[in-house]
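Please consult the sequence and structure shown here alongside the text.

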Amino acid sequence: MARSQLLLRVATFLTGLLECIAFSGLIFGWTSLVFVLKSDHYFQDLCEQPLNLTGNATGKAECSAQDSKFSLIFTLASFANNFMTFPTGYIFDRLGTTVARLIAIFLYTGATLLVAISSAGTAPMLFAAFPMLAVGGILFLLTNLQVGNLFGKHRSTIITLYNGAFDSSSAIFLIIKLLYERGLPLRVSFFILCAFSIFHLIRTFFLMPRGHIPYPVPSNYTYGISCSRGANGSQGTKGGVRKEEEELRQEVTPSPTLQESSGAEQVSFRSCILSWRFFWHLVWMSVMQLWHYLFIGTLNPMLNQLSNGNQDHVSSFTNAFAITQLFGVLCAPWNGFMLDRLKKKYQQEARRKGFPESMADLHCTFPSLALTSLLCLAFSICASIPILKLQYFTFILQVISRSFLFGGNAAFITLAFPSQHFGKIYGTVMMLSALVTILQFPIFILIKGPLQGNPLYVNIVLILFTLLSFVHPFLVSRVWHRQGKHV
């Protein structure tokens, strides 16, 4: 590989990591931002006056009507984050990276501007802003996942690293909260975020392909606008890129993971989504994702309840939660590293036993799937115990579990399904799981209403549903063992 190509790929990887860690998953720092929005009196007109301050509260009280509005905004944003992944994944597959990223930049810029110009009197603007921010962020992640293709045997590690960075980006709202407490207005922070759209545009045109990064990557593969290829002007550059991509399409046909060793006919998208593998992966993803979204969306009122309204404690625990999110970028790569190592091991074993290599790719996901289910079960049990100090441990389990969940989801789809369907399958999983995440708002209303703030019975039911996630790794493992009996 030429030195210039290596530098280009490293620059793409590092700037992609920065993009994911600073901009893609901002919505999941919602708990920190809610604290700021309450301080700026968003939706406070819905609260009864005088405010019902409890315990050692220092200025802000728990208000169910206000909390319901914030919970609904986060529900809509997290729903949009998942549901819109299918249409945006389709756009990414059909129209390429540049078009998908321009849509992402438009949504991101519009969202940050809406928040920047909003106020307590125009609080309903948040209902549009945060779903836009969520969709723009997931598109940034989706277009960056293909960067793993540039690094061959480290592909799964990079995919999970980017997903971990996506989780860690929720800490940006913690930074906004800390700056707010030191006098920087919320609108200034969001104007600064809006200005970073220039960074996304530069990266789109200079460090990303117009189409897609193929896998495996040809030795002479280049992408982006460079001075050497653009000497005759932008028109010549674009033509050069189109010509190069056409040559790549002729040279490299995407090799579906399911049959790349067997030489079988390509598997259709329809057969993928109608398979048991897809169904149980969807169940695995949905039940655990619901836990995480419900926890994030209801953390602020839960902390208010456990601390008896003491806002110093609420602020302290909110900061602790946001800080733990920073470590998602460090947790997720371990999942990818495990997948890459196991993939190499099982491929050697598959060749020795005469198994298809695609089966080894599938089987290497078993430990990752099982460990993620176990982590989520432990997290959900801790989150259900109403002890304030125990929540520090809950935060740790939550960030590890969540980084394994989203990184493992992308890695499993990459290894278990044809590569040419990645965007559509990833989008379908996220879209259908979004329908499940909508349940977080009625669950919140159920807890605040009929259950009078006691989530115990809801938590027990959700823990039982979490046990369903163990079916998926069991079935994946059974495929390998059944193949062994037929050899």
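Phe 43 is buried, with a relative accessible area of 6%; buried means under 20% relative accessible area, exposed over 50%, and partly exposed in between, with a 1.4 Å probe and protein chains only. The model is a predicted one, in which local features need pLDDT of at least 70 and side-chain atom pairs count only at pLDDT 80 or more, while totals for chains, interfaces and linings use all residues. Residues are numbered from 1 along each chain as its sequence is written, and side-chain values use heavy atoms, with hydrogens and water left out.

**The loop between α2 and α3**

Phe 43 is located in the loop between α2 and α3. Its phi is near 60°, a positive value in a residue other than glycine. Most residues other than glycine have a negative phi. The loop between α2 (30–39) and α3 also holds His 41, which has a positive phi of about 70° although it is not a glycine. His 41 is partly exposed, with a relative accessible area of 45%.

Gln 66, a residue of helix α3, is in contact with Lys 38, Tyr 42, Phe 43, Gln 44 and Cys 47, leaving aside its neighbours within four places in sequence; contact means heavy atoms within 4.5 Å. The side chain of Gln 66 reaches the backbone oxygen of Tyr 42 at 3.0 Å. Gln 66 and Gln 44 are 22 residues apart in sequence, yet their C-alpha atoms are 6.2 Å apart in space.

**The protein as a whole**

The protein has 22 helices and zero strands. Both are DSSP runs numbered from the N terminus: helices are H or I of at least four residues, and strands are E of at least two. Of the 487 residues in the protein, 56% are buried. Among contacts between residues at least 6 apart in sequence, 82% join residues at least 24 apart. The protein exposes about 20200 Å², of which carbon and sulfur atoms supply 66%; accessible areas come from the Shrake-Rupley method with a 1.4 Å probe.

In helix α20 (residues 440–448), the buried residues are Gln 440, Ile 443, Phe 444 and Ile 447. They lie on the same side of α20 because they cover an arc of only 100° around the axis, the arc being that of the directions from the helix axis to the C-beta atoms. These buried residues pack against α3 (64–83), α13 (276–306), α19 (422–437) and α21 (456–466).

Helix α13 contains Gln 289. Not counting residues up to four places away in sequence, Gln 289 touches Asn 82, Leu 405, Phe 406, Met 430, Ser 433 and Thr 437.

**A nonpolar surface patch**

Leu 102, Ile 198, Leu 201, Ile 202, Phe 205, Phe 206 and Ile 225 make a nonpolar surface patch of about 600 Å². Patches are made of residues with over 30% relative accessible area and no salt bridge, with nonpolar side chains (Val, Leu, Ile, Met, Phe, Trp, Tyr) joined within 5 Å and like charges within 9 Å. A salt bridge is a side-chain nitrogen of Lys or Arg within 4 Å of a carboxyl oxygen of Asp or Glu. Helix α10 (residues 197–206) gives the largest share of the nonpolar patch, five residues. Ile 198 is found in helix α10.

| Residue | Burial | Relative accessible area |
|---|---|---|
| Gln 289 | buried | 0% |
| Gln 66 | buried | 4% |

Definitions and conventions
Polar contact = N/O pair within 3.5 Å; in protein donor to acceptor, adjacent residues only side chain to side chain.
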